[in-house]
Each structure stands twice: as C-alpha cells, then as structure tokens.
Amino acid sequence: MTVSRFSTLFLLGALASGCSALDPFSESPSSDVLASEKLTVAAGDDELKEAIESSPGDESTGRASRTKLDDAIDPTLKKTAEDAREKLDDPDQKIAEENDATPDLWHRLRAGFALDHDASEPRVQAQLNWYKKHPRYIDRVVDRGSRYLHYIVSEAEKRGLPTELALLPVVESAFDPFAYSHGRAAGLWQFIPSTGTYFGLTQSWWHDDRRDIIAATDAALTYLDRLATRFDGDYMLALAAYNSGGGTVSSAMRRNRKRNQPTDYWSLDLPRETRHYVPKLIALAKIFDDPQAHGIELPPLDDEPYFEIVDTGSQLDLAQAAELAGVDIDEIYLLNPSYNRWATSPDGPHRLLVPRDQAETFATALKGMDPAKRVSWRNYKVESGDTLSTIAKRYSTTPSVIQQVNNLDSHIIRIGQRLMIPSAAEQAGTYSLSASERLARKQERSGKNANGTRVDYKVRSGDTFWDIAREHRVSVRQLASWNGMAPGDPLMPGKKLVIWSKSKQPAMLASTNRGKGMVRKVGYQVRKGDSLSTIASRFAVNVRDIASWNDLNTSRYLQPGQSLVLYVDIRNSP
C-alpha cells in the first residue's frame, strides 16, 4: 500500500469514527524534552508594547508607579490598592540615587554578564532601537520585575549561569506572572503543560506551579543549564532551544553542516519567532549593561531580597494571610501567583512568599492563630438533588476536598447529611487576582476593541472552538483570548464563554441546537507537495485556522510526514 493511499484511508477512517487520530494538545511529556521540536509560543511582551506605544504623552516622562500589572485590577473594585502599595515601597527606591557608583542590584546583574553583546546583527539593532524609543517600557517591566529579580539573579549565580538569563522573563512574559499565551504557556518563564510536567511543575484546580516563582525559576534555570550542556556551553543556542526546542536547533545545525555553513545561532535558519527571540534578550542586556549610553535611566533597585519564604504548614485563606501580614491581598497574589483560588492548595506547597519587611510579623501572627480558623467553614445540610460537584461549585472548592475533610469513602451523599465545607472568608471581589476574578475582568474588557455583540455562551457536549468561532464569524484565536484560554485548551460542557459575535443574529445562534456529529477532529500526515493552502482547500477549512490549531508559522514550509490536527466538517469534506 502506498503512503498516499494509507494517509487517505487513515483520514477517512477518522472521519467515519468521529475520533481524533492525533491529539497534539494532549502533550504527554516527552522522554527527552531536550530534543523537542515544539515551538513554545510565549505570551511575550507584545501586549505591553502595544499599551506603551498607544499611551498619550511624552515617552520620556511619567515613570511607572508600582502597578498591579497595569489593568489587572479594576480601579472601581480596588481604589485604595495604590496607597497600600506605596506603603510597601522602600522610600529609597522612589528617589534616584545621585551617586551612580552606589552598588545596587544592577551592578550585581552586570557583574554576571557573560554573553556576547557586541553582535552587529541588524536584528539586535532593530530591537535596541525600539527599546530606546520607548523608555517607559523599561520602567514598566522593571517595576513588575522588582519583586522577583533579586531572587532570580541569586539563583542564576548559584548555578554559575550568565545573569543575562535573569532578563529572559522580560522576553517571555514582560514579567507578568499571570501571562498565558495562545500556545498554552504560563507564568514568568512560559512553560507549556508538557514541559512543566517534565520538570515537576504540577497543575491542578487550586494551583499551577508554572506560575510559582520558586518552582518555575528552578525549572527554567535547570532547563537552560541542560540545554547549554547539550550545545557544548553555547548559551545562544540554548536560548534558541528554550524557545523552539533542542531538536529544532539541532536540525538547523545539521542542515548548515551539510552546506558547509557556520552553525552559530546567527547563521541558522530557525522559526521566525526564534530568530527574534535571542536578539530581544541581547538588546535588553546591552541596555542594562550601559543604560546611559542608550539614553535610558534605570529605576534604582536595592541589592536586597524583596520577599521571604514562610512555612504555613497547612491550607490558608489568602485574605487571612494578607491580614496577618498587614499587606494588601494583591501583594500576596503577585508574590504567589500560582494560587488560582481564594486559598493555598490543601495539598501544598504549604508556604507563602511575603514581603521581607512583613515576613516576621506574618510568621508570628500565624503561629498564634488557631489552625481551625485558617480557612472558614460552613456547616451544610445536604438537600434533594445535591451532589458533591454541585456543592463544591457553589462554595468554590472541589469534590475531592469535601470528600477528604469529611472522611467520605465515596462521592455518595444522602439527604439531611451534614458536611463541613471550606469556603472563602470574604466576598469574591476581595480576591481580585484569583483566576475567576481575572477571567471575569478579561471577558468584560475584551469587548472594548471587539466591535461585536456580546453573547454569553454555555459550552455543550461536542462543541469545539472552531464550531463556535465559525458560527459567530470570529477567529478561533480571538474566541480563546477573550476567555483567557488557548485554542488547544479543552472545552468542558457547562463552561461559560463570552463571545463578541460578528453574526447578524447572535442571540439566535446562541440558542440554536447545532447539528451534532458534523465536525470531526482528525489527524492528517503531510504528504510530498502539500502546502497549507492545498490542505485547507481540500478539507474546506481556513489556512489561518490550520496554523492556529497547530501553532504553525505560515512563512515556513511543511515537511512530509509532519502531523497536523484538523477540525473538518464532514458535510464539506471530500
């Protein structure tokens, strides 16, 4: 049987069965993550750059105050947050040091620089020109990163790594610990689920280690160190591999060797994002190495830890933690962005990062607190129709937690039974940086530039992003972004989405029961001569959607044997 005929039968079989023959988004951890060929599409700094570019006024004035990640908190909900933040700031950080020779964190950072900053590459110069033109961007990322930089620099030094790597979160996430990309990468260091799992970064309803400052920094620096070893100590190649996978870099090097061409980073044919990835870091390093030469004034940053790690011993309500420490709750979330809900995870890690000046106060107050009061409890009487799932949803917890605290052997409950339910001590709005509150604001704000009609949609069994996006005449990436998701994230029945519909009758679409069983998720193996346009035409889909489903760069050629996932309407397919 020929390969062509086999591929056709494979696709038709998948269409007939309604099953996905290939699911690239399942992301089971590779046995050798260092040899990965998957491009990690990071959240990057594009959103912040756009905000800076569109801001009115003189770029050279108006230093950024300590913000809670720009618009992350609704001003109407947290009007006094800035006052609380000012109380936390060291006054010395608000006044520029007249004597530039005073040792600070910037001196320490520069002392560990080890990469070549003298590259005359046009790609570096292009990035450098942008940063020089927009000094407020540097102010903003330094402001964001000031909580984390001392720790990251210290960890890089412990491993003997170039301290330029401490600036990598600027490129990856603009130092936004809540950053989430359309490629499913999360946190300062932008780990995708599979790579995070490989490095022990657990992900649950309560907690996502990919956003944990301690765990994710350790994983990122370990990963970079291993990649550098793979490429014989070449950190430029290691950085490229961090973005596009060690296998991708190795393949590019092999191609150059066959052509008798150099195999350094600048000579390799790499994905477009990776070609600009390393130049961004080098341009930033050049600026931080000699800011005056580039017309940049770095905000002063003391060479002192911003936070301390305090052992909590058990689950703790984050509003309680903020009260015990005498800080604003948003500061607790910004130092502990891995916590998705109103409390730390019942399964650990049982620790909190607390501003250094408040750490002793917090630890002392915590010791004197009755352990039973670390979270609030409700005495709930089971009613007709109740299940552990419905009760858990009502009180923002999980069935397993209710089962655990009530010593239940199964999910079976009976009418009249009394259950102890852990619940938030304050109203939902108090936990303004929890996952649900961040999502609610994102869904609301997304309509400002959407130019559509808002539709509140409840996901049904069999729904896909592609189905919903097509019906409402929006792109898959837009739909996912409006709801804080990535196109590869699973859509669970019952999940509520906000759609800024471009359809003429969005309300009718929202209530219409779409014909089931027409769209199938299938695997397709690229054949010789295939292109995105020919595949799109063959299966009546859009080139941009194929690229989005598979995180593809449309400027690069498909390779025979490459696996793709397609969402095909069998009514229109061949």
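Tutor: Let us start with a helix contact: L237, A240, A241 and S244 in α11 meet G246, T248, V249 and M253 in α12, where contact means heavy atoms within 4.5 Å. The residues of this contact of α11 with α12 divide into five nonpolar, three polar and no charged; Ala, Val, Leu, Ile, Met, Phe, Trp, Tyr, Cys and Pro count as nonpolar, Asp, Glu, Lys and Arg as charged, and the others, Gly among them, as polar. The model is predicted: local features need pLDDT of at least 70 and side-chain atom pairs pLDDT 80 or more, whereas totals for chains, interfaces and linings use all residues. Residues are numbered from 1 along each chain as its sequence is written, and side-chain values use heavy atoms, without hydrogens and water.

Student: What makes α11 oblique to α12?

Tutor: Helices α11 and α12 (residues 246-258) pack at about 125°, with their axes 6 Å apart. Angles under 35 degrees count as roughly parallel, over 145 as roughly antiparallel, 65 to 115 as roughly perpendicular and the rest as oblique, so α11 is oblique to α12.

Student: Why is the pair of W206 and W342 called edge-to-face?

Tutor: Rings of Phe, Tyr and Trp (its six-membered ring) pair if their centres lie within 6.5 Å; planes under 30 degrees apart count as stacked, over 60 as edge-to-face and the rest as tilted. By this rule there are 15 aromatic pairs. The rings of W206 and W342 have centres 5.8 Å apart and planes at 70°, so the pair is edge-to-face.

Student: How do you know that W206 counts as buried?

Tutor: Buried means under 20% relative accessible area, exposed over 50%, and partly exposed in between (1.4 Å probe, protein chains only). W206 has 5% relative accessibility and therefore counts as buried; W342, at 4%, counts as buried too.

Student: What makes the pair of Y223 and Y242 tilted?

Tutor: Their ring centres are 5.3 Å apart and their planes stand at 45°, so the pair is tilted.

Student: Why is N260 called exposed?

Tutor: N260 has 74% relative accessibility, so it counts as exposed. N260 also has a positive phi of about 60° although it is not a glycine. Q190 likewise has a positive phi, near 55°, but Q190 is buried, with a relative accessible area of 3%.

Notes
Axes are lines fitted to C-alpha atoms, for helices over the stretch in contact, and angles run from 0 to 180 degrees between N-to-C directions. Helices (H or I, at least four residues) and strands (E, at least two) are DSSP runs, numbered from the N terminus.
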